[in-house]
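Here is a short briefing on one protein chain. Look over the sequence and the structure first, then read the points below.

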Amino acid sequence: GLSSITPGTLSIPHLSPSTVLPIPLLRSAEFVYGVMLCRLTVLNPYWSKAMGGHLFEVLMIAIVVAVLCLASSVQSKALFTVAIGILIVQLAGGYGLVTAALSSKPLLLLGGASYALYLLQGPMRAICDQYVPHPFDRFLSPIVTIAGAIAMFLYWEQPCRRLLLSAYRRVAYR
């Protein structure tokens with residue numbers, strides 16, 4: 001029935017039961033929620049500070065984890081969107097324990113390398129599956145992927161970014 005369809009998709013029954021068509025318009029509620037939270041945070045930073053702090057951030061993370069673990073229907077999983085939005089507003093305040101942990105140098109480096117991590121996860125998993133005996137491949141794959149992503153970020157992405165910005169500045173400021 002309708003409850004088994006993923007939000008933001010449309011099932012196409014005459015093709016096959018597993019064929020779904022993504023329809024971004026059906027995700028507009030999440031988009032509007034994000035815009036509202038952004039406006040609230042930017043226009044009135046007091047909200048982030050009032051909702052933030054050590055205890056409230058940890059409590060909201062516990063709620064997010066509980067919803068992810070306990071939700072069984074699509075409707076109950078939608079609570080994750082609400083909870084994670086509130087957590088983002090809390091983190092925007094910038095002074096809680098979780099904010100401090102996420103602002104640490106190692107996590108900032110990992111955040112910078114996140115696109116490289118996204119790009120490398122499939123190939124690195126395949127390489128580990130092929131050359132590392134099971135079950136060690138499952139342990140080594142994430143380590144190799146993270147190390148490779150950080151190396152790609154530091155030694156390819158950052159130098160390319162600096163080169164492009166330098167070239168842009170030479171052209172833009174003539």
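Contact here means heavy atoms within 4.5 Å. By that rule, leucine 37 touches Gly85, Ile86 and Val89, leaving aside residues up to four places away in sequence. The model is a predicted one. Its chain has 174 residues, of which 21% count as buried.

**Overall layout**

- The secondary structure comes to 8 helices and 2 strands.
- Read from the N terminus, the order of elements is β-β-α-α-α-α-α-α-α-α.
- Among contacts with a separation of 6 or more, 56% join residues 24 or more positions apart.

**Leucine 37 in α1**

- Leucine 37 sits in helix α1, which covers residues 28-43.
- Leucine 37 has 16% relative accessibility, and buried means under 20%, so leucine 37 counts as buried.

**α7 against α8**

- Helix α7 spans residues 114-131, and helix α8 spans residues 136-172.
- Their axes are 8 Å apart and meet at an angle of about 140 degrees.
- Why is α7 oblique to α8? Angles over 145 degrees count as roughly antiparallel and 65 to 115 as roughly perpendicular.
- The α7 and α8 crossing is right-handed.
- On the α7 side, the contact is made by Ala116, Leu117, Leu120, Gln121, Met124, Arg125, Cys128 and Asp129.
- On the α8 side, the contact residues are Asp137, Leu140, Ser141, Val144, Thr145, Ile146, Gly148, Ala149, Met152 and Glu157.
- By type, the residues of this α7 and α8 contact divide into 10 nonpolar, 4 polar and 4 charged.

- Serine 141 belongs to helix α8. Serine 141 is buried, with a relative accessible area of 9%.
- Beyond residues up to four places away in sequence, serine 141 touches Met124, Arg125 and Cys128.
- Threonine 145 also has its place in helix α8. Its relative accessibility is 5%, so threonine 145 counts as buried.
- With residues up to four places away in sequence left out, threonine 145 touches Leu117, Leu120, Gln121 and Met124.

**The loop between α7 and α8**

- Proline 135 lies in the loop between α7 and α8.
- Is the peptide bond from histidine 134 to proline 135 cis or trans? The bond is cis, with omega near 5 degrees.

**α6 against α8**

- Helix α6 takes in residues 105-112.
- α6 and α8 pack with their axes 9 Å apart, at an angle of about 75 degrees.
- The two helices are therefore roughly perpendicular to each other. The range for that class is 65 to 115 degrees.
- α6 contributes Leu109, Leu110 and Gly112 to the contact. α8 contributes Ile146, Ile150, Phe153, Leu154 and Glu157.
- The residues of this α6 and α8 contact divide into 6 nonpolar, 1 polar and 1 charged.

- Alanine 113 is in the loop between α6 and α7. At 1% relative accessibility, alanine 113 is classed as buried.
- Alanine 113 touches Ala149, Ile150 and Phe153, not counting residues up to four places away in sequence.
- Alanine 113 and isoleucine 150 are 37 residues apart in sequence. In space, their C-alpha atoms are 5.4 Å apart.
- What makes up the largest nonpolar core? Its 6 residues are Ala113, Ala116, Leu120, Met124, Ala149 and Phe153.
- α7 and α8 are the elements that give two or more residues to this core. α7 gives the most, with 3 residues.

How values were computed:
Residues numbered from 1 in each chain as written. Predicted model: local features only at pLDDT ≥ 70, side-chain atom pairs only at ≥ 80, totals over all residues. Heavy atoms only, no water. Axes fitted to C-alpha atoms, helices over the stretch in contact; angles between N-to-C directions. Helix = DSSP H or I, 4+ residues; strand = E, 2+ residues; numbered from the N terminus. Left-handed = near helix turned anticlockwise from the far one by under 90°. Nonpolar A, V, L, I, M, F, W, Y, C, P; charged D, E, K, R; others polar. Core = buried A, V, L, I, M, F, W, Y, C linked by side-chain atoms within 4.5 Å. Buried < 20%, exposed > 50% of the residue type's maximum accessible area, 1.4 Å probe, protein only. Parallel < 35°, antiparallel > 145°, perpendicular 65-115°, else oblique.
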